Amino acid sequence: MAELENPFEENLLNRNRAEPCTVVIFGATGDLTNRKLIPALYNVAACGDLPPQFKVVGFARRDKSDEVFRAELEEGNRRNSRQGHDEELWSSFAQNIHYHRSEFEDPAGYVRLKQLLDRFDRERGAPANRLFYLASAPEAFVPILDMLRASGLNHAPQGRWARVVCEKPFGKDLITARALNDTVAATFAERDTYRIDHYLGKETAQNIMVLRFANALFEPNWNSRYIDNVQITCAENLGMEGGRGGYYDTAGALRDMVQNHLFQLLSLVAMEPPTDLSADSVRDEKVKVIRALRPLIGPEAVAANVVRAQYAAGSVDGVARVGYRQEDRVNPQSMTEAYVALRLFIDTWRWQGVPFYIRVGKRLPKKATEISVHFKKPPQVPFATRRLLGNSSENTLVIRIQPDEGIAMRILCKQPGQALNMQQVKMDFRYSSSFGTASPEAYERLLLDAMAGDATLFARCDEVENAWRFIDEIQRAWHYSDKPPPMCEYPAGSWGPREADELLRQDGHQWRLL
């Protein structure tokens, strides 16, 4: 009997086939465009994956010509392209880059933009699709969306599509996220809205589902019966360089990283298998994880499960560093956290009783993002005492998101010799060595997906709102209660405050050494 065809097989094979389009980047003179977006598109072109008749229009306030804009982007591409810079390829690629000067709130600027896009269509001989990328400051999102709607640019010509990509942060709490969702919904359909989180574009993050659901070694054991705890760490050795203190002091680690990036990783680790790999099936399961997080209501619950901290003066890589409150553009009395550690529980059958520990911080010893899954120890090892097993005898699966993307498994083995001495050893897989090439940059994959209409790796409106609902309770306890949890402190160059170590020690656990 012939094997039944998978109805989604064709979609899986074609999901990254981008269609001809014009990408309009709002805030095109900013760092994101120069450092990430244009190098990503250039590398997509180098791989031969850009659709034919592709164009980029940079939309920004500064007065400059196409030639000046292209020259600035060329310098950025030389510094940031993962495949280097080829003069001939850049010359061909850059001819399709144009600059459009306008204020974000100026209706006439959008009229001129529409005229420019219509001119491109006439030159092509057919209308093209349009992808609007909001790379501007978040406060400009609403004016831009309002102007796109008022000018009619949100409607594609003659059956083509028009889509919008929204960068983070998507709101700063539940109220603002809902308001922004309402504005987006009044301008673009949800199927045409792509809320981008570059962590989901990283190859290892995408591989979590394959690791879990395609390997018989892990799939039956991915539950509370076999897993003791899960840790997600995002460490940064940087502080507030480049004037970032002004933004960061209004956001903090919880809103800047946990609500989006780390909750996305959490949902991939904890989600149930989707019914298929369509975008909504995957995102349905991710939303269920966020909704199942046990709420932390009130300052007592927050203090018992969340540690916030700022770094004090210290040393990173042998260089003396000032404390957080002494950084440029940071309030000397700031109560914004530069580090946060959380103990979370997911109230589902699969994860009942398994703690998920999340930590993220600035001025830590190294830059690294990883997920470690710690399996329970065997109930009894007949040939070993507790002393022989030691404190680090658990099997651990380590998923490295950055740098050196890959997956490692730590298991116990006997050391050579007459004595029965056991030691943890590591079985290590790295993308660069196993496949002979570096992984594509996250923005390369995500831009192609947006052009192909695949929203799997983008956040849906209910996903964003449920994440903010959880985070708002912690913010409320920190900033609006009579007895807020304390702000802890740790030396720059250390792995965080002792209170974060105690959070795990209460459960008989400890943070994995990176």
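Let's start in the sheet: alanine 408 stands opposite aspartate 428 in β16. This is a predicted model, where local features need pLDDT of at least 70, side-chain atom pairs count only at pLDDT 80 or more, and totals for chains, interfaces and linings use all residues. Residues are numbered from 1 along each chain as its sequence is written, and side-chain values use heavy atoms, with hydrogens and water left out.

Strands here are DSSP runs (E, at least two residues; helices are H or I, at least four), numbered from the N terminus, and two of them pair if DSSP finds at least two bridges between them.

| Strand pair | Sense | Bridges |
|---|---|---|
| β14 (residues 396–402) and β15 (residues 406–414) | antiparallel | 5 bridges |
| β15 and β16 (residues 422–430) | antiparallel | 9 bridges |

Threonine 396 has arginine 410 of β15 as its bridge partner. β14 and β15 make a hairpin with 3 residues between them, and aspartate 404 in that turn shows a positive phi of about 50 degrees.

The structure has 3 cavities of 30 Å³ or more. A cavity is a set of points on a 1 Å grid over the protein atoms alone where a 1.4 Å probe fits but cannot get out; lining residues have an atom within 4 Å of a point. The largest cavity comes to about 210 Å³, a volume being the space filled by probe spheres set on the points, which are joined across faces, edges and corners. Its lining counts 19 residues, with Gln259, Asn260, Gln264, Ala459 and Val464 nearest the centre. α9 (245–270) and α15 (461–479) are the elements giving two or more residues to that lining, and α9 gives the most, with 5 residues.

Terms used
1 Å grid on protein atoms, 1.4 Å probe; cavity = no way out; pocket = protein on both sides within 12 Å on 5 of 7 lines; lining within 4 Å.
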